Amino acid sequence: MRTLPAAVPALSEDKKTSKKIAINHKRNKKQDHTELMDQCAKDFRYEDCTDEYWNPEEFSLLYATPLWIEADEGQRVLLNQLFWVAYYSQIISAEVATIFFNQTSAAGMYALEGFRDVCDMLDLESAQERAHINAFKTVSDQFEEAVFGERVFSWEMRGPYAQTMIFPDSNKLKDWWKSLQLRSFGLLSAGNAFIASQYFTVRGMRTLNGKMVQQKLSLYYQRHPDQENAPLPSAISYYHFMDESFHFNSSCILGHDLIGSLPKPTAFERMVGNKGIRGCQFDHRNFSAVVKGLFWYEPATFQAVYKVLRSDIFKMEDAEARHMMYRCFGEENDGNIASFDVLKTAADSYEKFLDPLDYVSDRNRKMQVMRDTTLEGYLSTNRRALSRFRGTNV
Ligand SMILES: [Fe+2]
Ligand SMILES: [Fe+2]
């Protein structure tokens, strides 16, 4: 029983929230897929699964665009595998940032009484992210080495202050500004429990869309008639989704339930919380037909797509590759329509997710930044960028 006076009640006095945290942590620890992930990374050899799909068919690079429709079966297998590589190359970047902000936010919350369990839960999550990153990186590096002999979608390891989107609408100045914002948020969250807890609202939004895509990716393994011999990348998708469902739960608990155990936010704290949500909207305001479900800025993908078209997979000439890119990105097709639909679904689900939080501004609540995006705007931006694009061959 607590007897010493305190300005803020200890988290342990909020029985409902502390129980939720304890259960989520305990279950995650019990089901932890780190060993299985590490084993997959160790056993992965691209030559063992070159001829198979790794994801359900609709999760293929440029699915439902003219490129996919005209591709032969062998090319489709590679587009399917490339989706895996491109998608998880993005997830690596997001998880590098997550590891860092899990730590800074844990420091911010540990300043209040009774947060040991929260911090232990986050430690486990960060360790899992490192195993996830290792598995994603092992497969992506091996794949790109074997297929292209160079990096196309994957990237060398980097720190948490880089742009989280690996194909963003950016330039040197914007990169610098973003890194300054991330540094500031790291400092603020490490010294303020409200801002720290609201990092998890942002983390929850960021993973909400990921969760929907990853659940579908995990189905390939789950429905595989011979799981023992299923391609290892599909098993990695499944194990990852299992770990991540606990991470999403903790984002909800820490971002939503915990708020009642914290002092009422000041105007400054509300402003920083809203800036974080706005930053997430801003990062998620674009969509890409290359990888359905990611918020890449399409013109930033052109160089990578051009490399794929000129590579041994498609063996296109320069003019042919450019024409194909125009058909995929400059004209409406089922691929870019489906990707735009994912953006709209994401905005709707973020809106619902933010509903219980009083401090969120109207513009954030309505997902106004994301909702300003249109398919027409996407097509005209791409057309302009394509007319300027000069591809460099592989
Ligand atoms: Fe992860
Ligand atoms: Fe995670």
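Cys 119 comes out as buried in this predicted model, with a relative accessibility of 10% (buried is under 20% relative accessible area, exposed over 50% and partly exposed in between, using a 1.4 Å probe and protein chains only). Its sulfur sits 19 Å from the closest cysteine sulfur, that of Cys 252, too far for a bond. The disulfide count is 0, where a disulfide is a pair of cysteine sulfur atoms within 2.5 Å.

On to helix α2, residues 34-43, whose buried residues are Thr 34, Met 37, Cys 40 and Ala 41 (helices are DSSP runs of H or I, at least four residues, numbered from the N terminus). Looking down the α2 axis, these buried residues fall within an arc of 125 degrees, so they line one face of the helix; the arc is taken from the directions from the helix axis to the C-beta atoms. An α-helix has 3.6 residues a turn, so residues three or four places apart point the same way. Glu 35 and Lys 42 are exposed on the face of α2 turned away from the buried side. The buried residues of α2 pack against α5 (116-147) and α8 (232-255), with contact meaning heavy atoms within 4.5 Å.

As for the ground rules, residues are numbered from 1 along each chain as its sequence is written, and chains are lettered from A and ligands numbered from 1 in the order in which they are written. Because the model is predicted, local features need pLDDT of at least 70 and side-chain atom pairs count only at pLDDT 80 or more, while totals for chains, interfaces and linings use all residues, and side-chain values use heavy atoms, leaving out hydrogens and water.

Methods
Helix = DSSP H or I, 4+ residues; strand = E, 2+ residues; numbered from the N terminus.
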